[in-house]
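Hi,

Here is the structure I promised to pass on.

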Amino acid sequence: MGTDDLSLNPNIRSAETVEFQKSLRAKIVGQDEAVQALVELFQVFTAGLNSPGRPVGNLLFLGPTGSGKTRIVEAAAEILFGSPRSVIKIDCAEFQHSHEIAKLIGSPPGYLGHRETHPLITQEALAAYHTDKLKLSFLLFDEIEKASDALWQLLLGILDKATLTLGDNRRVDLSQTVIFMTSNLGGSDISDLFAGGYGFIKSEDKPQTDIHEKVERTAVEAARRKFSPEFMNRIDKMVVFRPLRRDELQSVLDIELGMVQKRVLDTATGKFLFRVTDAGRDFLLREGTDQRYGARHLKRAIERFLVYPLANLLATQQVRMGDLVRVDWDGVHDELTFVREREGAIVTAEAPAEETVGASPSADGLGKAEPVEAVSEEPARPAALPAASPAAARQSLQGRKKDNR
Ligand SMILES: Nc1ncnc2c1ncn2[C@@H]1O[C@H](COP(=O)(O)OP(=O)(O)O)[C@@H](O)[C@H]1O
Ligand SMILES: [Mg+2]
């Protein structure tokens with residue numbers, strides 16, 4: 001060893017990678033392995049070390065429904081490219097027939113309708129969200145177990161050569177693209193492992209690592225049974241998502257409520273705060289999650305039981321800028337109730353920022369709020385406001401839940 005030798009630490013990450021990881025962690029509950037996989041990929045790409053002539057990464061996400069497989073791709077896209085829409089998402093079930101494949105790659109010249117088809121995967125579409133600093137794209141094949149043979153062939157080609165030939169023979173280069181694939185394959189077997197819930201597993205005193213290994217094996221075996229070796233060989237990394245525990249589902253709810261609060265603060269007329277009590281949260285969790293479908297219906301439950309009623313309250317001027325609305329649960333009618341706790345909450349000295357929900361309505365949102373003229377010194381008016389009927393909403397939600405299964 002020469003005297004100039006310097007010991008290096010390959011475990012230190014760049015500031016932008018650390019930032020990316022932090023942002024992703026804030027949006028995704030649990031699923032550490034998946035977060036880790038994305039962070040490593042990002043680090044390799046920004047260092048310019050991804051292998052040429054191949055996609056930046058071929059990632060396969062396995063595991064039960066509603067555990068965040070699709071969400072993590074959208075969340076990463078949001079962070080890196082500023083919009084969840086920046087990922088080109090292909091719902092494999094929608095491309096069963098050859099004319100539907102044309103929607104992806106366009107039809108050959110001379111075919112009827114050739115001029116009308118705008119292929120989904122083009123070089124321009126991939127580059128749409130590129131910036132000077134980051135020339136990276138995300139392509140997501142969602143629920144690949146539903147892919148037709150034609151789509152499967154197309155996918156195999158992309159995974160191997162990072163190129164795609166469009167209907168009109170133009171070539172698309174995917175060497176700056178991450179290919180994400182998701183599959184619920186083995187998901188129901190995994191859910192069965194957890195049929196008694198995590199509590200049950202713990203009470204049997206099995207070490208957590210045991211059950212994690214079993215989950216891993218169940219999913220990977222299911223994938224090997226279903227997918228060809230030539231496909232499996234082209235996957236760089238397989239990540240098995242875990243079913244979310246109840247406390248994790250609670251955290252997902254907090255994140256979602258934080259996003260609703262942000263939406264409310266972003267509207268021109270509706271800068272008010274809301275706070276959902278524990279009983280109110282339990283109600284939303286019951287309606288929006290379950291063992292088999294994870295957090296699948298959580299967003300829809302929040303829209304139905306919270307966002308629509310809040311919109312009605314706003315539209316009928318029962319809630320105004322600066323109000324604080326408490327959302328509670330009425331156990332007798334099994335529905336949410338809405339109470340205006342006080343007016344002028346945004347400008348009063350005791351502005352209850354930390355009392356509000358979840359991922360904190362940003363200080364920005366509050367700061368931008370226009371000052372409300374008179375701050376009411378009256379005691380809070382706890383009148384329960386008649387809102388849209390959550391009971392009716394729940395019925396139609398359940399109706400839609402069935403359609404979706
Ligand atoms: N791990 C998670 N972290 C944060 N949100 C999640 C997570 N899992 C599920 N969700 C929520 O549930 C919804 C459905 O999850 P999704 O990613 O579509 O499930 P799937 O695993 O079936 O692709 C997401 O849009 C998100 O709101
Ligand atoms: Mg999905």
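Before the ligand, one definition: the domain bounds I use come from an automatic or database domain assignment. Please also keep in mind that this is a predicted model.

With those bounds, the shell around ligand 1 takes at least three residues from domain 1 (15–243) and at least three from domain 2 (247–404). There are 21 residues around the ligand, and the ones that come nearest are G68, K69, T70, R71 and A295. Helix 3 (69–81), helix 11 (246–266) and helix 13 (298–315) are the elements that each give two or more residues to this shell. As for its make-up, nine of the shell residues are polar, seven are nonpolar and five are charged.

Next, the strands. How many of the seven residues of strand 9 (324–330) are buried? Five are, so strand 9 is largely enclosed by the rest of the structure. Strand 9 has pairing partners as well. With strand 8 (273–276) it pairs in the parallel sense, over four bridges, and here F274 stands opposite V325 of strand 9. With strand 10 (335–342) the sense is antiparallel, and the pairing runs over seven bridges. One of the bridge pairs there is D330 with E335 in strand 10. Strand 9 and strand 10 form a hairpin with four residues between the strands, and D334 in this hairpin has a positive phi near 45°.

- E143: phi is near 55°, positive in a residue that is not glycine. E143 sits in the loop between strand 3 (137–142) and helix 6 (149–161). Buried or exposed, or in between? E143 counts as partly exposed, because it has 19 C-beta neighbours inside 10 Å, while buried would take 20 or more.
- N169: phi is about 75°, again positive without being a glycine. The residue belongs to the loop between strand 4 (163–165) and strand 5 (171–173). N169 is exposed, because it has 9 other C-beta atoms within 10 Å, and the limit for exposed is 12 or fewer.

Cheers

How values were computed
Residues are numbered from 1 along each chain as its sequence is written. Chains are lettered from A and ligands numbered from 1 in the order in which they are written. This is a predicted model: local features need pLDDT of at least 70, side-chain atom pairs count only at pLDDT 80 or more; totals for chains, interfaces and linings use all residues. A residue is near a molecule or strand if its C-beta atom, placed from the backbone, lies within 6 Å of it. Ala, Val, Leu, Ile, Met, Phe, Trp, Tyr, Cys and Pro count as nonpolar, Asp, Glu, Lys and Arg as charged, and the others, Gly among them, as polar. Two strands pair if DSSP finds at least two bridges between them.
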